[in-house]
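Subject: Structure handover

Hello,

Here is the structure I promised to pass on. Please open it alongside this note; my findings follow below.

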Amino acid sequence: MNSGLQEDLDKGDCISCGGSTFESLPYKNDLMGVDISFKRCCSCGTICPAMEPTALDEYVTRYYTTKYHDSFLQRTSKKDILSKCYRFFARIVSTGCEYRFIKKFLTEGSSMLEIGASDGSLIERFSNKGFDCSIIEPDEKFHKQVSEKLVKVQAYRSIEELGSRKRKFDMIVLVHVLEHVTRPTLFLKDIKRLLRTDGKLYIELPNIVHEGILKDSIVDHPHLYHWNLDGAKIFFKSLGFNIEHLEPYSTRISPYDRPRFASIRKIYYFLAAFFFMKDYYFIKSNGHMLRAVLSINSANENE
Ligand SMILES: [Zn+2]
């Protein structure tokens with residue numbers, strides 16, 4: 001690592017705070033067929049790719065249309081029966097916790113849009129409870145899967161496709177999506193136009209509080225941008241959002257902790273969450289994820 005080396009690796013300023021001083025990072029991402037280096041803002045800690053978005057677009061588009069499903073998702077999905085069972089129950093536990101958290105911000109019949117809904121397991125819970133649900137899922141296989149399985153959910157392929165319908169939503173959900181896009185600033189500005197003036201935006205992100213999380217996020221996932229708590233706060237406010245809620249959280253036993261009897265405790269919390277709907281996640285200053293609930297700051301509506 002070029003420890004202590006501070007340099008402007010790229011002309012682009014920090015997307016969160018506008019800072020122009022960066023330090024380089026020792027990790028690269030090579031999943032998309034090119035080595036992508038990263039730089040950390042010395043002011044707010046936000047990590048951005050050291051490559052122009054226009055150059056990134058080409059690799060990112062090619063990756064998601066050709067490799068993502070068959071290489072990344074397969075690689076991270078072990079096929080043995082035990083792993084399959086674990087994934088099945090883990091999905092129920094995690095979407096259950098997300099459902100109970102997000103539901104607190106909704107009223108009966110609220111309209112909801114999930115962007116990057118993958119197999120639709122989260123939106124399915126809301127649809128089953130009578131909420132008016134839509135998704136945007138550009139991945140063909142996931143789009144087909146959701147359209148066929150969830151007939152009440154309206155499925156779109158892009159923000160542009162939905163934007164032409166002039167629809168607005170009470171709640172928009174982005175679960176581990178923002179770190180994948182090449183232009184998070186423009187992306188959130190587009191999303192803001194799809195929110196009702198009193199609507200809420202729910203965002204989940206990796207929290208790069210530990211170097212281990214950051215390395216994992218850069219090397220093993222097609223993630224481009226990374227935030228810590230302070231950087232996320234600055235970023236969301238700069239885009240004219242009010243922060244209703246922003247906190248680091250973790251599973252009861254995070255992969256980055258090494259407490260005694262971790263495996264036994266993990267099984268206990270997992271089963272408690274599954275059978276008794278206990279919260280599997282909890283607020284923790286060094287939690288490996290961040291979750292935010294944002295609303296539109298009406299003083300900044302021209303943003
Ligand atoms: Zn910054």
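Two residues are in contact here if their C-beta atoms, placed from the backbone, lie within 7 Å. With that in mind, take Ile135. Leaving out residues up to four places away in sequence, Ile135 touches Leu113, Glu114, Ala117, Gly120, Ile123, Val146, Val153, Ala155 and Tyr156.

Before going further, note that this is a predicted model. The average pLDDT of the chain is 86, and 87% of the residues score at least 70. Treat the start of the chain separately. Over residues 1-10 the pLDDT stays under 50, and the model has 19 contacts beyond four places in sequence for that stretch.

Overall picture

The chain has 303 residues, and 35% of them count as buried. Nine helices and eleven strands make up its list of elements. Take the contacts with a separation of 6 or more: 65% of them join residues 24 or more positions apart.

The core

Which residues touch the most other members of the largest nonpolar core? They are Ile135, Ile172 and Leu174, in a core of 63 residues. Strand 7 (residues 169-175) gives this core its largest share, six residues. In soluble globular proteins, nonpolar side chains tend to be buried together.

Strand 7 deserves a look of its own. Six of its seven residues are buried, so strand 7 is largely enclosed by the rest of the structure.

Two pairings involve strand 7. Strand 4 (residues 111-115) runs parallel to strand 7, and three bridges join them. Here Leu113 has Ile172 of strand 7 as its bridge partner.

Met171 is bridged to Lys200 in strand 8. Between these two strands the chain passes through helix 6 (residues 184-192), and this β-α-β crossover is right-handed.

Most residues other than glycine have a negative phi.

Ser118 has a positive phi of about 45 degrees and is not a glycine. Ser118 sits in the loop between strand 4 and helix 3 (121-128). Is Ser118 buried or exposed? Ser118 counts as buried, because 20 C-beta neighbours lie inside 10 Å.

His176 has a positive phi too, near 50 degrees, and is likewise not glycine. His176 lies in the loop between strand 7 and helix 6. His176 is partly exposed, because 15 other C-beta atoms lie within 10 Å.

Helix 8

Helix 8 (residues 229-238) has these buried residues: Gly231, Ala232, Ile234, Phe235 and Phe236. Gly240 follows helix 8 and has a positive phi, near 80 degrees.

Three strands form it in the order 1-2-3, and the pairing is antiparallel. Strand 1 (22-24) and strand 3 (47-49) stand at the edges with a single partner strand each, so one side of each has no neighbour in the sheet. From one strand to the next, the twist averages 35 degrees.

Strand 1 and strand 2 (residues 38-41) are joined by three bridges. In one of the pairs, Phe22 is bridged to Cys41 of strand 2.

Strand 10

Ile283 belongs to strand 10 (residues 281-283). Ile283 is exposed, because 11 other C-beta atoms lie within 10 Å. Not counting residues up to four places away in sequence, Ile283 touches Glu247 and Tyr249. The C-alpha atoms of Ile283 and Thr251 are separated by 9.0 Å, and the two residues are 32 apart along the chain.

That is the handover.

Best wishes

Definitions and conventions
Residues numbered from 1 in each chain as written. Core = buried A, V, L, I, M, F, W, Y, C linked by C-beta atoms within 7 Å. Buried ≥ 20, exposed ≤ 12 C-beta atoms within 10 Å, placed from the backbone. Helix = DSSP H or I, 4+ residues; strand = E, 2+ residues; numbered from the N terminus. Pairing = 2+ DSSP bridges. Axes fitted to C-alpha atoms, helices over the stretch in contact; angles between N-to-C directions. Right-handed = clockwise from strand over helix to strand, strands pointing away. pLDDT = per-residue confidence, 0-100.
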